[in-house]
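Work through the exercises below with the model open beside you. Try each task before you read its solution.

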Amino acid sequence: MPVTGVTTDTETRTVTITAEFAAPVERVWQLYADPRQLEQVFGPPTYPATFVELSCGPGPRRSTT
């Protein structure tokens, strides 16, 4: 993955990764939305990732009260 920047925010517990790809946005989204495809590119070849659950929607909203 051609990462060009990483920003962390401990207050909101988020990590934002910025990357540039030599592919159309639709193809990159397709890769990230399909756990089997994502497993092929996420992690080094000798230690591939396994995704048991993957959600591409917004995360849960938590109340602070």
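**Exercise 1: A residue in helix 2**

Glu39 belongs to helix 2. Helices (H or I, at least four residues) and strands (E, at least two) are DSSP runs, numbered from the N terminus. The model is predicted: local features need pLDDT of at least 70, side-chain atom pairs count only at pLDDT 80 or more, and totals for chains, interfaces and linings use all residues. Residues are numbered from 1 along each chain as its sequence is written, and side-chain values use heavy atoms, with hydrogens and water left out.

*Task.* Decide whether Glu39 is buried or exposed, and find which side chain makes a polar contact with the side chain of Glu39.

*Solution.* 
- Step 1. Learn the classes: buried means under 20% relative accessible area, exposed over 50%, partly exposed in between (1.4 Å probe, protein chains only).
- Step 2. Glu39 has a relative accessible area of 16%, so Glu39 is buried.
- Step 3. A polar contact is a pair of N or O atoms within 3.5 Å; within protein, one must be able to donate a hydrogen and the other to accept it, and residues adjacent in sequence count only if both atoms are side-chain atoms.
- Step 4. The partner is the side chain of Arg36, at 2.8 Å.

**Exercise 2: Another residue of helix 2**

*Task.* Gln37 is also in helix 2.

*Solution.* 
- Step 1. At 2.8 Å, the side chain of Gln37 meets that of Arg27.
- Step 2. At 3.1 Å, the side chain of Gln37 meets that of Asp34.

**Exercise 3: The hairpin**

*Task.* State how many bridges join strand 1 to strand 2. Then follow Asp9 of strand 1.

*Solution.* 
- Step 1. Two strands pair if DSSP finds at least two bridges between them.
- Step 2. Here six bridges join strand 1 to strand 2 (residues 14–19), and the two run antiparallel.
- Step 3. Thr8 has Val15 of strand 2 as its bridge partner. Asp9 stands opposite Thr14.
- Step 4. Asp9 has a relative accessible area of 34%, so Asp9 is partly exposed.
- Step 5. A polar atom of the Asp9 side chain lies 3.0 Å from the backbone nitrogen of Glu11.
- Step 6. Four residues sit between the strands of this hairpin, where Arg13 takes a positive phi near 55°.

**Exercise 4: A loop residue**

*Task.* Find where Phe21 is, and say how far apart the C-alpha atoms of Phe21 and Pro2 are.

*Solution.* 
- Step 1. Phe21 is in the loop between strand 2 and helix 1 (25–33).
- Step 2. Phe21 counts as partly exposed because its relative accessibility is 35%.
- Step 3. Phe21 and Pro2 are 19 residues apart along the chain, and 6.7 Å separates their C-alpha atoms.

**Exercise 5: The whole chain**

*Task.* In what order do the elements of the chain run from the N terminus on? How many of each kind are there?

*Solution.* 
- Step 1. The order is β-β-α-α.
- Step 2. That gives two helices and two strands.
- Step 3. Of the 65 residues, 9% count as buried.
- Step 4. Now check confidence: pLDDT is the predictor's confidence in each residue, from 0 to 100. The chain has a mean of 81, with 86% of its residues at 70 or more.
- Step 5. Confidence is highest in strand 1 (residues 3–9), at a mean of 92, and lowest in helix 2 (residues 35–41), at 84.
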